[in-house]
Each structure stands twice: as C-alpha cells, then as structure tokens.
Amino acid sequence: NDSLSNNGLSPVRPIKALGQNFLRYEKIVWQVIKVADIKPSDTVIEIGPGKGALTFKLAQKARKVIAIEKDRNMVEILNKNISQKGISNVEVIHEDILNFQFSIFNFQSNPNFQSYKVVANLPYNIATAVIMKFLEAKNPPTFAKATAGKPELMAVITQKEIGQKIVAKPPEMSKLSVFSQLYSQVKIVDYISRKCFYPQPKVDGAILLIQPKKIILKPKALASFTRIVRAGFVWPRKQLSNNLAKGLDIDREKINQWLGQNQILPARRPETLTVEEWIKLTATFV
C-alpha cells in the first residue's frame with residue numbers, strides 16, 4: 001500500500017472552489033518527479049501544494065522548493081509540517097499564482113534563479129491559465145544570464161481533456177494547442193485514473209511534460225500572431241475566411257487573397273491549420 005498519509009495531521013477538507021484534488025498515491029508523486037528529472041542543484045516552483053504530498057518528496061531531490069499556495073489554511077498546515085519535519089529548503093508563499101509577479105524573486109541577487117522547473121498537481125479550474133502564464137513569461141530585466149524567465153521545463157498533472165487539447169494536431173487544433181505549441185514542445189507522459197485523487201474528480205488526469213522553446217517571432221510579430229489566431233478561432237466550426245474577416249474587421253475579398261497567397265483555402269476550418277500556417281499568415285499580414 002503506497003497511500004499517502006496525513007503526516008500526523010488531522011484530515012484536510014478540500015475546497016471545491018479552489019479546484020483542490022489531492023493525490024492519494026505515492027507512486028504517482030514519484031512518477032511526476034521522475035518526469036521532471038529533478039537534480040540536486042534545481043530550484044522548483046510548485047503551484048497548489050495542498051497538504052505537501054509532492055512538496056516534501058521534491059524537497060528530498062531539489063536544492064530549493066518554492067510552494068505557491070492560495071489557501072491560507074493550507075499555508076498554515078504546510079508551514080507547521082515543514083517545521084515539524086525540520087525541512088530547511090522549502091519556502092511557502094501565500095499567493096494566488098494568477099496574480100503572482102515573477103519580479104518578487106530578485107533574479108540578479110539570486111544566482112540560483114538562473115533557471116527553474118515547475119512541478120505541480122495543478123488545480124483543475126486554473127490549469128490552462130497557469131500553463132500559459134509560465135509559457136508567456138518574459139525575461140526579467142535583471143536576469144544576469146539570458147536563460148529566460150520561462151521555466152526550464154514543466155511537469156504537471158492536469159485534466160486528461162486539457163492535456164489532449166494541448167497536444168492536439170490538425171484537424172483538432174484549438175487556440176490553446178496553437179499557443180502552447182508555439183511556445184513549447186509538449187507531450188502526455190501518462191494518464192491517471194480519477195480514483196487516484198481525493199475528492200475524486202469527474203474526469204481522469206494526465207501527466208504533461210512541457211519544454212519551453214525559443215520563440216521565432218519578434219514582439220511585434222507575436223502581437224500580430226496572437227491577434228490573427230484569436231480572430232481565426234472566434235467561431236471554431238466556421239470557415240476561416242469568415243472568422244478572419246469579422247475578427248480582424250477586414251474586407252472578405254482581401255482576406256481570401258491573403259489566404260490564397262499562403263496556399264490556404266478560405267473554406268478551411270481554423271482547427272485544420274498547423275502552427276506553421278498561422279506563422280506564415282502572420283509573416284504576410286499587412
């Protein structure tokens with residue numbers, strides 16, 4: 001039996017509104033840590049640590065673990081647990097990750113923050129927003145070595161459906177898959193039964209390995225890319241030319257010429273376009 005214990009603490013009632021689903025089995029915790037390839041020199045950011053099932057195992061492997069938790073009650077439990085166990089390399093920050101400013105870390109005065117990894121059992125209700133927040137992170141101006149404000153990698157648990165959406169290929173693309181694949185290489189490492197969580201969610205989970213990559217678009221082009229993709233997916237099931245004409249407020253005939261210039265049929269659906277085709281459209285967008 002490798003069920004996770006309550007570490008001597010009274011059971012904690014998960015808060016549904018915060019999307020809290022605690023891991024029940026130690027083998028899954030170790031599987032996620034293995035995917036993250038944690039080294040003794042690594043700094044790890046964990047989101048929504050909850051009772052610390054993942055946190056304390058990460059602390060055994062990494063140099064430093066920064067756990068960001070929105071629930072004040074969980075913060076108190078975690079800090080009490082850290083104190084009881086005499087753990088010195090875990091820092092708990094009471095903050096909503098979606099409001100979190102990376103500038104809170106003084107990158108220049110903290111040489112260990114040249115790179116970091118994100119490892120988390122993400123709260124299901126904010127999983128997509130959290131992933132995109134890290135993928136879209138800018139280089140902090142104080143970074144001494146331009147290693148990037150993005151994490152070195154992310155090993156996260158999310159809903160099975162979100163995982164499948166992120167790794168989707170044409171003809172099943174979405175805004176989420178386009179943007180996540182622009183910013184990173186991503187794969188589903190494994191699926192997790194809903195029975196492995198407490199409380200049991202309505203859907204199964206997935207372990208994702210997300211590896212940020214260098215963006216080939218300069219800031220101005222990236223802004224155009226974002227605008228074009230958002231317009232293209234206004235109505236995912238409708239024809240691309242119709243969406244772009246309405247979303248960009250450009251004459252339909254001009255849109256058709258622009259699509260033709262890129263060998264893209266106006267009647268195609270946005271879900272059928274590759275990331276490369278969206279990039280081509282951006283390059284020829286006037």
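Analyst: A salt bridge is a side-chain nitrogen of Lys or Arg within 4 Å of a carboxyl oxygen of Asp or Glu. The model is a predicted one, in which local features need pLDDT of at least 70 and side-chain atom pairs count only at pLDDT 80 or more, while totals for chains, interfaces and linings use all residues. Residues are numbered from 1 along each chain as its sequence is written, and side-chain values use heavy atoms, with hydrogens and water left out.

User: Why is the pair of Asp 96 and Lys 70 called a salt bridge?

Analyst: The closest N and O atoms of Asp 96 and Lys 70 are 3.6 Å apart. The limit is 4 Å, so the pair qualifies as a salt bridge. Asp 96 lies in the loop between strand 4 (90-94) and strand 5 (117-121), and Lys 70 in the loop between strand 3 (64-69) and helix 3 (72-85), so the bridge ties together parts that are 26 residues apart in sequence. Helices (H or I, at least four residues) and strands (E, at least two) are DSSP runs, numbered from the N terminus.

User: What makes Asp 96 buried or exposed?

Analyst: Buried means under 20% relative accessible area, exposed means over 50%, and partly exposed is in between (1.4 Å probe, protein chains only). Asp 96 has a relative accessibility of 18%, so Asp 96 counts as buried.

User: How many salt bridges does the rule give, and which residue does Asp 204 pair with?

Analyst: The count comes to eight salt bridges. Asp 204 forms one of them with Arg 194, the closest N and O atoms being 3.0 Å apart. This pair links distant parts of the chain, ten residues apart: Asp 204 is in the loop between strand 8 (197-198) and strand 9, and Arg 194 is in the loop between strand 7 and strand 8. Asp 204, at 22% relative accessibility, counts as partly exposed, and Arg 194, at 30%, is also partly exposed. In another salt bridge, the side chains of Arg 268 and Glu 277 meet at 2.9 Å, N to O. Glu 277 has a relative accessible area of 14% and is therefore buried.

User: How do you know whether Thr 55 is buried or exposed?

Analyst: The relative accessible area of Thr 55 is 0%, so Thr 55 is buried. Thr 55 belongs to helix 2 (residues 55-61). A contact means heavy atoms within 4.5 Å. Leaving out residues up to four places away in sequence, Thr 55 touches Glu 46, Pro 49, Val 65, Ala 67, Leu 78 and Val 90.

User: What makes helix 6 mostly covered?

Analyst: Eight of the nine residues of helix 6 (residues 175-183) are buried; among them are Leu 176, Phe 179 and Tyr 183. The buried residues of helix 6 pack against several elements, including helix 4 (127-135), helix 5 (160-167), strand 7 (184-192) and strand 9 (205-212).

User: Why is strand 9 described as largely enclosed?

Analyst: Six of the eight residues of strand 9 are buried, so strand 9 is largely enclosed by the rest of the structure.

User: How do you know which strands pair with strand 9?

Analyst: Two strands pair if DSSP finds at least two bridges between them. Strand 6 (residues 153-159) pairs with strand 9 in the antiparallel sense over six bridges, and Val 156 stands opposite Leu 208 in strand 9. Strand 7 pairs with strand 9 in the antiparallel sense over eight bridges, and Ile 192 stands opposite Gly 205.

User: What makes the pairing of the seven-strand sheet mixed?

Analyst: The seven strands form an open sheet in the order 4-3-2-5-6-9-7, with mixed pairing. Strand 4 and strand 7 are the edge strands, as each pairs on one side only. Strands of a sheet pair through backbone hydrogen bonds, either parallel or antiparallel. Strand 2 (residues 43-47) and strand 5 pair in the parallel sense over two bridges, whereas strand 6 and strand 9 pair in the antiparallel sense.

User: What are the totals for helices, strands and buried residues?

Analyst: The chain has ten helices and nine strands. Of its 286 residues, 50% count as buried.
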